[in-house]
Amino acid sequence: MLLRIAHVDGTRSAEEVALIGQFYDACRNAALDWPAFASLQTETPAGNAAGLFTEPAQRDMLVATCLLVAYADGALIDEELAAVRDVAAEIGMAAARVDELLALVKDYMLAQLASLPDAHSVAVVARELG
């Protein structure tokens, strides 16, 4: 699902793939017999996505990570947000929760810049995030 987000804008940067790999490896559970991450670069595993993410925290983490992947190149375009919303719908997440997570992701990204001495640049980034 995360790789799908990385493909929306026609690029798949090394940073996006690395972020996805880290998330996947952190969530990988041998009992679920998940395939190796490298195999997912060319294959799309079949299955019930909603059944893989049964806990609200799992769904939140997946969608938040999708949003971070979409922002990895510096911008969240409409097509990427639509793809994130599609992923959320596939796992049974309400659209309102996606909006809440989007706000949290924006706040998180801005918090990482808050300690920078150039407040003007931080304000510019805040405006660009919406």
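This is a predicted model: local features need pLDDT of at least 70, side-chain atom pairs count only at pLDDT 80 or more; totals for chains, interfaces and linings use all residues.
Q: Why is α4 called roughly antiparallel to α5?
A: Helix α4, residues 56–71, and helix α5, residues 78–90, pack at an angle of about 165°, with their axes 10 Å apart. Angles over 145 degrees count as roughly antiparallel, and therefore α4 is described as roughly antiparallel to α5. The crossing in which α4 passes α5 is right-handed.

Q: Which residues of α4 and α5 meet, and how do they divide by class?
A: From α4 come Leu62, Val63, Cys66, Leu67 and Ala70, which meet Glu80, Leu81, Val84, Val87 and Ala88 of α5. By class, this contact of α4 with α5 has nine nonpolar residues, no polar ones and one charged residue.

Q: What makes α6 roughly antiparallel to α7?
A: The axes of helix α6, residues 95–113, and helix α7, residues 119–129, come within 10 Å and cross at roughly 170°. With roughly antiparallel defined by angles over 145 degrees, the conclusion is that α6 is roughly antiparallel to α7. In this pair Lys106, Met109, Leu110 and Leu113 of α6 meet Val122, Val125, Ala126 and Leu129 of α7, and the residues of the contact divide into seven nonpolar, no polar and one charged.

Q: Why is Val105 called buried?
A: The relative accessible area of Val105 is 6%, and buried means under 20%, so Val105 counts as buried. Val105 lies in helix α6 and, not counting residues up to four places away in sequence, touches Ala64, Leu67, Leu68 and Tyr71. Of these, Tyr71 is 34 residues apart from Val105 in sequence and 9.5 Å apart in space, C-alpha to C-alpha.

Q: How do you know that Thr65 is buried?
A: Thr65, which is found in helix α4, has a relative accessible area of 6%; the limit for buried is under 20%, and therefore Thr65 is classed as buried.

Q: Why does Val8 count as partly exposed?
A: The relative accessibility of Val8 is 30%, which lies between the 20% under which a residue is buried and the 50% over which a residue is exposed, so Val8 counts as partly exposed. The place of Val8 is in the loop between α1 and α2. Not counting residues up to four places away in sequence, Val8 touches Glu79, Glu80 and Ala83. The C-alpha atoms of Val8 and Ile77 are separated by 9.2 Å, although these residues are 69 residues apart along the chain.

Q: Which residues touch the most other members of the largest nonpolar core, and where does the largest share of this core come from?
A: Of the 31 residues in the largest nonpolar core, Ile5, Leu62, Val63 and Leu67 touch the most other members. At least two residues of this core are supplied by each of α1, α2, α4, α5 and α6, and the largest share, eight residues, comes from α4. Leaving aside neighbours within four places in sequence, Ile5 is in contact with Cys66, Val69, Ala70, Glu80, Ala83, Val84 and Val87. In soluble globular proteins, nonpolar side chains tend to be buried together.

Q: How many of the contacts between residues at least 6 apart join residues at least 24 apart, and what share of the residues is buried?
A: Among contacts in the protein chain between residues at least 6 apart in sequence, 58% join residues at least 24 apart, while buried residues make up 32% of the 130 residues.

Definitions and conventions
Residues are numbered from 1 along each chain as its sequence is written. Side-chain values use heavy atoms; hydrogens and water are left out. Axes are lines fitted to C-alpha atoms, for helices over the stretch in contact, and angles run from 0 to 180 degrees between N-to-C directions. Helices (H or I, at least four residues) and strands (E, at least two) are DSSP runs, numbered from the N terminus. Angles under 35 degrees count as roughly parallel, over 145 as roughly antiparallel, 65 to 115 as roughly perpendicular and the rest as oblique. Contact means heavy atoms within 4.5 Å. Ala, Val, Leu, Ile, Met, Phe, Trp, Tyr, Cys and Pro count as nonpolar, Asp, Glu, Lys and Arg as charged, and the others, Gly among them, as polar. Buried means under 20% relative accessible area, exposed over 50%, partly exposed in between (1.4 Å probe, protein chains only). A crossing is left-handed if the near helix is turned anticlockwise from the far one by less than a right angle, and right-handed if clockwise. A nonpolar core is a set of buried Ala, Val, Leu, Ile, Met, Phe, Trp, Tyr and Cys residues joined through side-chain atoms within 4.5 Å.
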